[in-house]
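Please consult the sequence and the structure shown here while reading.

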Amino acid sequence: MIPLNWYLILAAVLFVIGVLGFFIKRNIIALLLSVEIMLNAVNLTFVAFSSQRGQISGQVFVFFVLVVAAAEAAVGLALVIAMYRNRETLNVDRSNLLKW
Amino acid sequence: MLELALFYIFGTIAVVSAILVITQHNVVHSAIFLAGTLLSVAGIFLALNAEFLAGVQVIVYVGGILVLFVFVIMLIAVERSTFERQFNRQWKIALITSAILIGELVYVVYQGRDTFVLAEPAVPLVQGAAGNSQQVGMGLYTTYLLPFEIASILLLVAIVGAVVLAKKKTQTE
Amino acid sequence: MNIPVVNLGAILPAIMLSLFGIAIMVAEPFVSDAKKSWLGWLAIAGTIAAMLALAPMSRQAGQWYTNLWIVDSYSIFFHFLFILIAAITILTSMNFLQREGIHHTEYYALLLFATVGMMMMAGSNELIMVFLGLEILSIATYVLAGFRRTDLKSNESAMKYFLLGSFSSAFFLYGVALIFGATGSTNLIVIADSLRSGDPQTSLVSLAAALMLIGLCFKVAVAPFHVWAPDVYEGAPTPVTGFMSVGPKAAGFAVLLRIFMTAFPTLEDRWTSVFWIVAALTMLIGNVIALVQPNIKRMLAYSSIAHAGYIAVAVAAGSEHGVSAVLFYTLAYSVTNLGAFAVVTMLSRSEDKLVNLNDYAGLASKRPGLAAVLSLFMLSLAGVPGTAGFAGKFFIFKAAVQSGLIWLAVIGVITTVVSFYYYLYVIVQMYMRDPNEEFADVRTTGPLKLALAITIAGTLYLGILPTRFLDWTVSAAVNALR
Amino acid sequence: MVRLLWLIPILPLLGAVINGVFGKRLPKQAVAGIAAGSVAGSFLISLAAFVQMLQLPEAELPVVQNYFTWIQAGRFQAEFGFLLDHLSGLMILIVTGVGLLIHIYSAGYMTHEPGFYRYFAYLNLFMFSMLTLVLANNYLLMFVGWEGVGLCSYLLIGFWFFKKSAADAGKKAFIVNRIGDFGFIIATILIFWTFDSVNFQAVFSRIEDATLFPVETLGTVGVVTTICLLLFIGAAGKSAQIPLYVWLPDAMEGPTPVSALIHAATMVTAGVYMVARSAALFDHAPGALLVVAVIGTFTALFAASIGLVQTDIKRVLAYSTVSQLGYMFMACGVGAYAAGVFHLMTHAFFKALLFLGAGSVIHGMGGLQDIRKMGGLRHHMPWTFRTFLIGALAISGIPGLAGFFSKDAILWAAWNSENYGKLLWTAGIITAGFTSFYTFRLVILTFFGKPQYTEHDVHHVHESPASMLVPLAILAIFSIIAGYVGIPAALGGHNNIEVFLGGEEAAESSAELILMLVSVAVAFGGMGTAYLFYVARPDLPARLASSAHAMYAILVNKYYVDEVYNVAVVKPILRWSREFLWKFVDEGIIDGTVNATGQVVRAAGSGFRHMQTGYVRTYAGWILFGGVLFVVWFLR
């Protein structure tokens with residue numbers, strides 16, 4: 001029997017990898033991918049708890065998170081396209097008009 | 001034992017490919033490694049008796065979202081961005097802060113090591129429903145009816161928003 | 001099997017807005033370009049219908065949809081506020097969209113959907129619902145921020161908002177997952193009961209609460225989670241900036257109070273103490289940086305951060321007084337700030353070119369009416385008695401002192417002194433400098449005049465006769481704390 | 001007429017609205033007529049209400065008129081209501097009376113100014129705010145008027161905004177006043193917290209409950225003392241006390257009638273009024289009272305000594321105002337609120353008179369304000385000279401004029417105070433000497449001697465028009481007679497005014513008579529020193545002999561004594577005042593601190609801005625940084 005906290009630690013590690021990726025990458029699509037990793041880590045947490053507690057609601061939530069992830073991806077990629085049209089780069093650090 | 005083996009295998013793949021996602025230069029490679037993470041998470045879902053979600057994960061996430069990503073990456077020139085610096089200069093700070101964060105998370109989980117024992121493979125989670133898919137469906141259409149409807153607005157907003165942002169310029173602009 | 005009772009009355013305002021939003025998009029192909037503003041009026045009709053729908057909604061007090069949805073005076077107050085914000089924003093935008101050549105009617109639809117998202121946040125009794133509402137609001141706002149697609153700044157604004165927004169909502173969601181793990185539910189009342197029983201592991205609950213707080217603090221832009229706000233506000237189209245500075249902020253505070261007051265009273269010492277520091281920092285940073293901004297949109301962005309700080313003071317106060325002060329202040333601030341942004345929208349001319357404070361020099365001698373109106377809003381933001389801003393600040397500081405947070409109130413009042421400096425600077429520019437230009441191309445159109453009339457009336461009414469709304473906020477606060 | 005109380009502030013408000021909206025299209029006479037007419041209406045109603053109030057039996061006082069509930073939230077309630085008692089009755093008479101005269105004067109003074117209508121709209125708005133402040137029956141409504149007068153003062157100081165110094169001065173006044181206001185608003189909240197009400201009557205009746213609020217002995221800082229100190233911060237900001245006085249001298253950039261009305265007669269006395277109004281609270285906080293007395297006394301002395309060396313006619317009067325306000329606080333601080341308000345009243349007359357006289361001089365000199373460049377004006381402007389001289393005699397405390405009685409009342413109260421009374425008295429008497437000196441220095445340099453200007457600089461010095469001289473004459477009359485309402489017992493009177501305001505009728509005392517003689521001697525001494533110092537110079541004996549023969553003859557015998565005195569006492573004092581107090585303390589330290597604070601805040605702003613690098617990664621960093629701290633805090 002695998003203890004629950006193994007799953008939880010796995011999820012935490014994935015989450016932090018996502019955070020780290022968000023931090024260090026400069027390519028905007030890579031940033032989006034990092035956010036997807038974070039959301040997946042959360043899904044894993046939900047399912048693990050759902051399983052432990054014998055409650056199906058945790059799995060229903062994952063379903064909603066999937067919807068949100070899809071919506072975010074669609075809008076995010078549309079933004080990437082709009083940005084690429086205007087600037088011809090995917091480097092976030094290049095868009096730095098607004099500051100101070 | 002099989003469960004343990006599955007956990008180790010899928011867990012290792014998930015973590016390693018996640019690390020590869022954030023270290024790869026070419027964003028196409030990143031996307032493909034993300035598929036690795038997503039698929040292995042789907043595998044862990046299976047181990048946790050969430051067959052429906054495992055299927056959805058593969059179909060929607062890998063088959064839908066990730067394909068969208070790859071599609072967009074292919075749509076716009078990729079080559080140029082591979083030659084740019086991939087990492088910004090703050091990675092040391094990022095590592096330290098992330099280490100603190102993971103320390104906090106693991107500390108909390110470790111504190112609950114006694115209480116967090118996974119129950120026996122789940123008995124039917126909702127009374128009167130047989131399979132996992134049926135259970136999820138029941139939850140979705142009874143208790144969580146309102147959020148289910150709300151989610152449709154969310155998708156509508158996303159569709160409209162994506163079209164607005166990505167469609168070609170009109171004459172007035 | 002618990003099939004929920006489908007009570008349409010309880011969510012009627014949201015249904016109205018959604019229907020009108022869809023109707024606008026369906027109608028678009030049938031309307032010629034010249035008559036696009038009719039669809040704006042259709043959106044206004046939607047807000048009026050939603051306003052009217054508040055009456056049947058208020059008769060449905062209680063919990064609905066298997067306790068996911070709650071109708072009480074707290075949620076009705078925020079429904080009212082959100083509809084008001086949406087209506088004023090639409091009125092401000094109609095001329096703007098025409099002027100900028102971006103008269104796509106999706107704008108109105110997105111605005112209405114964003115309002116539905118805010119309603120879902122304020123009315124839900126359930127964290128997953130909150131999350132969905134938050135995402136509807138956020139995604140609609142990301143798109144609105146980037147609505148001027150060919151403009152680099154608008155683009156950058158949307159991108160920054162999107163990236164950081166999805167980053168921080170992942171934190172919120174992680175918190176939700178952990179609280180689900182700790183208590184087995186995401187229903188606020190169940191969580192509270194479970195926490196009172198003392199079963200759940202404390203550190204897990206604390207971690208979950210902290211993570212959720214991160215996501216919400218990002219939404220309301222309090223320090224140190226405010227950093228995105230100035231850039232995003234500066235780059236977004238001006239009426240959208242007005243909307244973002246009040247709508248998501250009000251929704252964020254609504255849901256923050258709802259979650260923490262209902263579900264985490266056991267952790268009260270933690271989150272009120274966090275808010276003490278957050279409020280002090282936010283007021284200091286917002287006001288002090290606003291002092292050195294040459295761009296009025298950016299100045300108002302920092303000012304909006306500062307105002308979030310004042311609201312945070314009331315959150316730190318915690319009690320019933322604090323909650324009612326939050327409600328009143330969000331209303332007062334929304335009315336005032338939307339008015340200010342309506343004037344700024346009008347004055348910034350095509351492509352938002354003239355947004356520097358110097359561009360306002362001598363406005364009073366050329367357009368005395370506009371200058372007087374903008375002065376009124378600036379004075380209200382600064383908190384001069386007789387305006388909504390003063391009444392709001394007074395109740396916040398009163399709540400703080402009543403909860404024993406005297407030093408926080410002192411910091412608040414001192415930073416208000418600082419804020420006078422930059423608000424007055426706008427007035428000084430308008431009244432005490434020679435005009436650089438004619439302001440001949442500034443056009444005041446019908447919808448804008450209507451928006452100004454509503455906001456002026458609101459600013460003065462809330463300042464001079466705040467009692468009626470205060471009663472409402474107090475009863476809403478009592479309701480929320482029940 | 002008491003029923004019409006609400007009209008008193010509303011009439012000027014109407015005037016302000018009409019002038020503000022239509023003034024641009026109206027002829028100047030109409031603008032001035034509307035403005036002055038509305039204030040005249042208020043004055044008549046005030047007078048009638050005052051008379052009616054006097055006839056009411058004691059039990060029916062104060063008259064309270066509640067119009068509507070302004071704010072109600074739970075237990076918190078603030079009415080929009082007015083309160084008329086002896087104190088506020090006297091105040092509305094002063095405000096509307098002096099206000100009316102200054103409106104009339106302004107009609108002449110401002111004729112040639114662009115923005116004539118704007119000026120009167122602001123002035124009327126000021127009257128509205130000031131009357132609201134005075135008549136309010138609770139602290140919150142009082143605060144509304146309090147902020148309103150600050151705003152109008154800002155607008156009026158910056159009236160000549162094309163002068164950078166004027167715009168800056170306006171801003172400085174506003175910001176410094178905000179610092180005071182923060183004390184007021186926190187005090188108001190604390191009052192509600194403590195007494196469960198902000199209504200004057202409710203608060204003052206509750207504090208008398210000795211079981212709940214015992215008198216806090218000197219040195220203990222309880223909640224009442226805290227409230228009083230915070231209120232005093234507010235009063236110090238509005239009434240220009242150390243260290244918040246810095247805005248008042250700069251405020252002289254505004255038009256002179258504004259200086260007379262707002263920065264001498266009415267607005268700056270709002271702080272004194274507020275302390276007097278809150279007497280019941282202050283009586284329970286002897287510690288706070290001592291602070292009031294010490295700050296007031298110190299301000300009086302400090303400002304008077306700076307006034308000794310100023311060369312700008314209006315700045316002399318500005319420092320003089322600060323100093324006189326210090327006197328009023330000294331009176332309040334020793335518990336003699338009635339004496340303070342008495343002095344407030346007489347000061348309103350003679351200081352307005354002096355300012356308007358100064359305005360007449362400036363008007364006649366074509367805008368010149370440096371007294372060293374004037375001289376001999378008494379021939380050109382005889383009426384201005386006569387009235388100005390009356391004002392100067394009154395402020396110096398020469399017996400028979402208004403200032404003498406009120407100043408004496410304060411000094412006598414100070415002498416009798418248990419807390420360092422003799423010390424306060426000594427400082428007060430020195431201040432009196434300084435006052436008399438700088439006032440007569442002003443008179444001598446301006447009106448006597450040879451003209452120091454050339455026709456090249458100043459064309460055709462002329463007397464002012466009647467619309468300016470009539471107010472001067474009326475104020476001069478009041479500067480003489482206003483004191484007779486408070487003849488002290490020592491001179492056989494009954495001190496009516498103080499009894500009227502709730503003070504006690506002091507028993508006759510020979511000590512008071514002696515002190516009075518001392519102060520009269522000091523007043524004449526100051527006058528004589530000014531005379532010697534600025535007139536009796538070796539090169540001027542001939543003119544001296546002709547112009548002030550008698551005094552010269554008396555003093556000439558003591559010439560060497562006085563010479564020694566000049567070198568040993570007066571010159572060091574003057575040097576000390578100029579080099580240390582004015583240049584170093586006033587301009588260097590206090591002004592410097594105010595400016596430096598502004599700069600530090602701006603610098604901080606410029607620094608903090610750099611948090612905003614514009615990079616998403618930095619922002620994510622802040623979010624994560626804050627997040628990690630949040631988690632640590634929650635897990636603690």
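The model is predicted.

In chain D, helix 10 (residues 256-265) packs with helix 15 (residues 337-364) at an angle of about 160°, their axes lying 9 Å apart. Because angles over 145 degrees count as roughly antiparallel, helix 10 of chain D is roughly antiparallel to helix 15 of chain D. The crossing of these two helices of chain D is right-handed. Helix 10 of chain D contributes D:T256, D:P257, D:S259, D:A260, D:A264 and D:A265, which meet residues of helix 15 of chain D including D:A348, D:K351, D:F355 and D:I362.

Helix 11 (residues 270-277) of chain D is mostly covered, with 8 of its 8 residues buried. Among them are D:V272, D:Y273, D:M274 and D:R277.

Turning to the contact between chains, 62 residues of chain A and 73 residues of chain B take part. On the side of chain A that touches chain B, helix 1 (4-24), helix 2 (28-53) and helix 3 (57-87) of chain A each supply at least two residues. Helix 3 of chain A gives the largest share of that side, 22 residues.

The make-up of the two contacts is set out in the table.

Terms used: Residues numbered from 1 in each chain as written. Chains lettered and ligands numbered in written order. Predicted model: local features only at pLDDT ≥ 70, side-chain atom pairs only at ≥ 80, totals over all residues. Axes fitted to C-alpha atoms, helices over the stretch in contact; angles between N-to-C directions. Helix = DSSP H or I, 4+ residues; strand = E, 2+ residues; numbered from the N terminus. Parallel < 35°, antiparallel > 145°, perpendicular 65-115°, else oblique. Left-handed = near helix turned anticlockwise from the far one by under 90°. Contact = placed C-beta atoms within 7 Å. Buried ≥ 20, exposed ≤ 12 C-beta atoms within 10 Å, placed from the backbone.
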